[in-house]
Amino acid sequence: MRSDKEGEPLALVIIGGGAAGLSLADWLVRYDREELGPGSRFDVTVIEAPEGPLRPAARTWCFWDDGPGAYEEAVTAQWSRLRITGPDGERVEAVPGPSRYRMVRSTSFEELVRARLAAHPRARVLRATVRRVQARPDGRPGVRVHADDPAGLPFVLDARYAFDSRPPAGLPPARTVLLQHFRGWFVRTDRPRFDTGSADLMDFRVPQPAHGLAFGYVLPLAPDRALVEYTEFSRHLLTVPAYERALRAYTGEVLGLGGFAVEDVEQGAIPMTDGRFARRTSPAHVHIGTAGGATRPATGYTFAAVQRQGRAIAAALSRPGTPHRPAPAPAPHRRRALAMDAVLLRALDTGRVDGPRFFTDLFRRTPTEQVLRFLDGTSTPLEELRIGLRCPVGPMLRSAAELPFLPRRAAPGIRPAHPANSREDHR
């Protein structure tokens, strides 16, 4: 591919066919359709892993939207009411106004976006394993991507920019590192058990770990079908038998589902860290998705940030003079949001804040739409001030005061799941 001649479409390589990579590709072809009609300003190649250990299993992404949204055709289910249940059984019913909590299965999402790419004259999806990305050897601006096809045959692609969603080898140095890790069952009960209009966002009626917090999560798909998950915010993953024991206890002792069959399983882990993810390796090689810091540190929410990131990149690439500038690498979250998240992570990690009580009170004391904007990273300073005043002020102030004096340390042995493995990459 050539990207340095006047009037030619801009050659772009997107590494990874998960939520971040396909969303960026989708935004690029949408910009072409909306602004140029049948024309084309982008030459887009998405490289996704072939079948094998690098290719993630089917997974679930959820997000808030006042729809119909860009991925309406891929929405599996949606809910107009949310429930948060405290350890003592106190329930908070949250109605997110015009928004709905929506589920998209990765298989439907991928099928929809690939169809859109197939309709674009200069977009394609390749199955290959990327080995390395380097500067172009001919000295021209851009990158050369070295990859092997499914048969193991090597090939190269030259492009002006590469956008890379592959997970880093390890998490960046941080003051606090937790993982949001989970295992879920898609269950079918022998009798109707679920209210299809309500989703249990956090159910804290599960044994709490010595460090961190745990909750159940229930997304009804039909009166007799649901995704039921056990989730922890903690420093270490569990073994599969430990997740299974927790799920059996939750479905039996807490939910009282009675007889049911497990039709499918999903499992993943999302990094929750105040580490600073590098947004670019070189002027033409940019990280996107979780690898580029799109995951909200204190909540694990990613999908909406991925959409903002993809749209910002597509908009920047559409501006005149783009080929002569470094690749756009927009910050997925504002500095103010990241600073608040660092304080909350520290407060949770030290145990100064009771996690179940914190999240239950947050929804109980604050209008739902404000909480959702806060969790999504789109709240206003005034909304954040109001939320802050409803938090346990003493523990939060103490955590904020000590953060500047804490060193950032490496987290050896901890590797986040591929962004596509996380439920929102999950939430």
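Student: Leaving aside its neighbours within four places in sequence, which residues is Glu383 in contact with?
Tutor: This is a predicted model, in which local features need pLDDT of at least 70, side-chain atom pairs count only at pLDDT 80 or more, and totals for chains, interfaces and linings use all residues. Residues are numbered from 1 along each chain as its sequence is written, and side-chain values use heavy atoms, with hydrogens and water left out. Contact means heavy atoms within 4.5 Å. With neighbours within four places in sequence left aside, the contacts of Glu383 are Gln370 and Arg373.

Student: Is Glu383 buried or exposed?
Tutor: Glu383 lies in helix H8; helices (H or I, at least four residues) and strands (E, at least two) are DSSP runs, numbered from the N terminus. Buried means under 20% relative accessible area, exposed over 50%, and partly exposed in between, with a 1.4 Å probe and protein chains only. Glu383 has 8% relative accessibility, so it counts as buried.

Student: How are H7 and H8 oriented to each other?
Tutor: Axes are lines fitted to C-alpha atoms, for helices over the stretch in contact, and angles run from 0 to 180 degrees between N-to-C directions. The axes of H7 (residues 368–376) and H8 (residues 381–389) come within 10 Å and cross at roughly 105°. Angles under 35 degrees count as roughly parallel, over 145 as roughly antiparallel, 65 to 115 as roughly perpendicular and the rest as oblique. H7 and H8 are therefore roughly perpendicular.

Student: Which residues of H8 make the contact with H7?
Tutor: On the H7 side, the contact is made by Gln370, Arg373 and Phe374. On the H8 side, the residues are Glu383, Glu384, Arg386 and Ile387.

Student: What does helix H5 reach from its first C-alpha to its last?
Tutor: The expected span of a helix is 1.5 Å times one less than its number of residues. H5 (residues 335–350) has 16 residues, with 22 Å expected. Its reach is close to that, at 23 Å.

Student: Which strands stand at the edges of the open sheet of six strands?
Tutor: The order is E8-E2-E1-E12-E19-E18, with mixed pairing; two strands pair if DSSP finds at least two bridges between them. Each edge strand has a single partner strand, so one side of each is left without a neighbour in the sheet. The edge strands are E8 (123–127) and E18 (280–282).
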